[in-house]
Amino acid sequence: MEEAADRTGAQRPWTDLERPPLHALALRRALVGPGGWAALDVVARTGSTNADLLERSARQDVADGTVLVAEHQDAGRGRLGRTWTSPPRAGLAVSVLLRPAAAPERWSWLPLLTGVAVVDALGALGVDAGLKWPNDVLVAGPGRPGKVCGVLAEVRGGAVVLGAGLNVTQRADELPPPAPGAPAPVPPTSLALAGARSTDRDTVLRRYLRALRTRLDEWATDPGATADAYRAACLTLGAPVRAHLPGGDVLTGTAEDVDGTGRLVVRTSGGAATSLAAADVVHLRGV
């Protein structure tokens with residue numbers, strides 16, 4: 001293993017010269033401050049950035065808007081208790097801690113708007129992306145289609161942690177197999193395989209965190225605009241779907257809308273409409 005100076009000047013061991021470390025100091029200069037984020041830390045390795053921030057959330061000196069990024073996350077958590085891993089410095093594992101002033105019944109929109117922020121950021125990189133409800137980010141276009149990012153929101157007390165795991169430079173043989181128990185999963189992909197204009201992780205992270213800040217500010221002042229932006233980005237709406245519910249039941253119908261709390265409204269062939277708060281949704285036509 002080589003010793004090489006990372007972009008902060010520190011000596012750190014890494015071997016893949018095509019996957020340099022993040023430039024932590026420059027990221028702080030670009031993103032931390034008025035109108036941006038309260039703090040930003042980059043760690044070499046952790047189990048889960050979400051778990052780390054949740055543990056720190058009980059300390060009141062951990063400010064709203066604290067960002068944690070890991071170069072290597074080896075016990076990442078996804079929806080419905082699933083786990084995932086990624087090669088070091090091949091993707092972005094980033095979590096933000098929020099202490100929302102809005103009423104808790106509105107917090108269900110936070111993971112959805114996080115997905116919209118990822119779509120915003122990828123659009124600026126030339127990647128055509130959309131959302132599979134609630135917040136899986138899918139890409140299409142000339143490169144390899146599939147899921148490029150997942151989002152997980154977790155709550156502890158008055159704090160919410162929003163985590164995003166984004167595949168950036170993974171090659172096809174480095175992508176994980178389908179999650180055990182996931183019905184008809186969308187195959188994973190990465191920004192490199194999807195033909196992004198840039199796969200520089202500093203650039204991708206800056207675009208994502210700026211987009212997330214913009215979407216959070218919008219949600220605080222104009223929640224209707226947030227809902228409209230989500231509907232515009234959601235590929236699930238209008239599609240025939242099969243929803244696998246947490247209790248084991250399956251519901252088939254057409255995804256009509258998201259309601260005021262972000263639940264997916266599915267209308268069955270019999271005409272009944274059901275609002276789903278949690279489900280594994282399979283698009284029955286395309287992705």
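Visitor: How do the axes of helix α3 and helix α4 cross?
Guide: In this predicted model, the axes of α3 (residues 109-124) and α4 (residues 201-221) come within 8 Å and cross at roughly 135°. Axes are lines fitted to C-alpha atoms, for helices over the stretch in contact, and angles run from 0 to 180 degrees between N-to-C directions.

Visitor: Is α3 parallel or oblique to α4?
Guide: Oblique, because of that angle: under 35 degrees counts as roughly parallel, over 145 as roughly antiparallel, 65 to 115 as roughly perpendicular and the rest as oblique.

Visitor: Which residues of α3 and α4 meet?
Guide: Among them are W109, L110 and L113 in α3, and R207, Y208 and W219 in α4. Contact means heavy atoms within 4.5 Å.

Visitor: Switching topic, where does T46 lie?
Guide: T46 sits in the loop between β3 (39-43) and α2 (49-56). Helices (H or I, at least four residues) and strands (E, at least two) are DSSP runs, numbered from the N terminus.

Visitor: Buried or exposed, that T46?
Guide: T46 counts as buried because its relative accessibility is 10%. Buried means under 20% relative accessible area, exposed over 50%, partly exposed in between (1.4 Å probe, protein chains only).

Visitor: And what does T46 contact?
Guide: Setting aside neighbours within four places in sequence, T46 is in contact with D52, A70, H72, Q73 and D74.

Visitor: What about the sheet, in what order do its 5 strands come?
Guide: The order is β15-β14-β13-β12-β16, an open sheet with antiparallel pairing. Two strands pair if DSSP finds at least two bridges between them.

Visitor: How many bridges join β14 to β15?
Guide: There are 4 bridges, and V266 stands opposite T274 in β15.

Key: Residues are numbered from 1 along each chain as its sequence is written. This is a predicted model: local features need pLDDT of at least 70, side-chain atom pairs count only at pLDDT 80 or more; totals for chains, interfaces and linings use all residues. Side-chain values use heavy atoms; hydrogens and water are left out.
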